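This report describes a predicted model.

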Amino acid sequence: MQKRVKNVLAVFAAVLVVSAVFYLSANSTSPEGTEDFRIAAALEEEQRTTQVPDVGGTPGADDEEDPSEEEAPNTTPSPSVRPDDRDDSNNYEPSINLGVGDLDMDLVKDASDSDLVQDIDSQPNGSVIGIKCSVSYTMRTEVFSAIQGTTKTIILQSGLVEWRFNGRDINNPKQINVKVEVSTLQYTTSPNKALISGLVKDKSASVLSFANNGALPGKANILVKRDDLFPHSRQNSFWVYYFNKMRNQLEFIANPTVSNDGYLGFDIFHNSDYIITESPVANAVQPSTGGKDNPHTGGY
């Protein structure tokens with residue numbers, strides 16, 4: 001019995017010795033248990049708490065701003081050209097309202113509609129037919145023949161310009177192109193630009209440059225919005241001139257007053273370039289009469 005107890009005690013003592021050896025060995029080889037480790041850890045903690053946060057790289061020569069990446073200032077002046085029909089897509093929203101003033105539409109059609117003429121024929125006398133020219137700028141002869149001799153009115157909306165024809169004024173039905181460029185004199189694409197500039201001098205002017213239709217089917221009343229001609233003007237009276245290129249002169253046409261709707265209107269019989277100014281042009285003349293270059297007798 002005593003021998004068995006001695007053996008148990010010996011085994012127990014051996015276990016204690018082995019445990020102590022492992023314990024001492026672990027403490028002596030672990031970095032956390034050494035004085036050097038504790039000093040290094042303290043230094044690392046101090047550096048971590050005082051380090052400046054990194055915000056995208058170490059400051060230095062490489063961080064200098066690249067001048068090529070700076071946005072260059074926009075030195076291109078904004079053109080004062082008015083919106084017009086120079087873009088064949090004609091996708092912008094026109095500022096003109098079809099049938100401004102005291103005229104309401106009895107019928108609204110598109111110039112490209114195949115049944116346009118038949119629908120005009122079916123309307124009673126005194127009717128007002130609005131025709132949108134957003135797709136086709138060609139107004140067929142049959143359209144003017146359909147209203148000739150009647151009291152029907154057709155209103156053609158082409159970009160920024162509105163044309164009005166009454167059947168009583170139609171004396172020469174013909175096909176015309178109703179596209180009109182509305183622009184300042186500075187930016188007009190008219191081939192007459194240089195000649196007109198010499199006549200207008202330094203006056204502020206806008207140009208309505210019509211297609212080369214010559215004499216129209218009859219008298220046309222032209223409406224255009226003042227703000228599309230002179231965006232910064234608030235005056236109510238303007239001067240309209242026809243450019244007679246055969247005589248190289250401006251011929252006075254009208255002195256229209258702006259309507260309550262903001263439009264100014266004038267009558268024409270002939271297509272060419274028409275100049276609108278805010279004040280009279282000193283060297284302008286009264287329209288010539290009796291000649292083929294007169295816009296009221298057929299033109300050239």
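Phe230 is buried, at a relative accessible area of 4%; here buried stands for under 20% relative accessible area, exposed for over 50% and partly exposed for what lies in between, with a 1.4 Å probe and protein chains only. Phe238 is also buried, with a value of 0%. The rings of Tyr241 and Phe252 have centres 6.0 Å apart and planes at 70°, so this pair is edge-to-face. Rings of Phe, Tyr and Trp (its six-membered ring) are paired when their centres lie within 6.5 Å; planes under 30 degrees apart are called stacked, over 60 edge-to-face, and the rest tilted. Tyr241 belongs to strand 9 (residues 239–244) and Phe252 to strand 10 (residues 249–254), so the pair ties together parts eleven residues apart in sequence. Helices (H or I, at least four residues) and strands (E, at least two) are DSSP runs numbered from the N terminus.

Of these two rings, Tyr241 is buried, with a relative accessible area of 2%, whereas Phe252 is partly exposed, at 24%. The ring rule gives eight aromatic pairs. One of them joins Phe230 and Phe238, which are stacked at 5.3 Å centre to centre with 15° between the planes. Ring pairs also link Phe144, Trp163, Phe165, Phe210, Tyr242, Phe266 and Tyr274 into a cluster.

## Arg164 in strand 5

Arg164 is located in strand 5 (residues 161–166). Arg164 is buried, with a relative accessible area of 15%. The side chain of Arg164 makes a polar contact of 3.0 Å with the side chain of Glu162. Such a contact is a pair of N or O atoms within 3.5 Å; within protein, one atom must be able to donate a hydrogen and the other to accept it, and residues adjacent in sequence count only if both atoms are side-chain atoms.

Strand 7 (residues 180–184) is mostly covered, with five of its five residues buried. In a regular strand, side chains alternate between the two faces of the sheet. In strand 7, Val180, Val182 and Thr184 point one way and Glu181 and Ser183 the other way, and all are buried.

Strand 7 pairs with strand 8 (residues 205–225) in the antiparallel sense, over five bridges; pairing requires that DSSP finds at least two bridges between two strands. Ser183 has Val207 of strand 8 as its bridge partner.

## The whole chain

The protein has six helices and eleven strands. Of its 300 residues, 38% are buried. Among contacts (heavy atoms within 4.5 Å) with a separation of 6 or more, 68% are between residues 24 or more positions apart. The protein exposes about 17400 Å², and carbon and sulfur atoms supply 51% of that area, by the Shrake-Rupley method with a 1.4 Å probe.

## Confidence and conventions

The mean pLDDT (the predictor's confidence in each residue, from 0 to 100) is 76, and 61% of residues reach 70 or more. Confidence is lowest in helix 2 (residues 35–50), at a mean of 53, and highest in helix 4 (residues 141–147), at 97. Residues 28–33 have pLDDT below 50, and this stretch has five contacts in the model beyond near neighbours in sequence. Residues 52–96 are also below 50, with 57 such contacts.

In this predicted model, local features need pLDDT of at least 70 and side-chain atom pairs count only at pLDDT 80 or more, while totals for chains, interfaces and linings use all residues. Residues are numbered from 1 along each chain as its sequence is written, and side-chain values use heavy atoms, with hydrogens and water left out.
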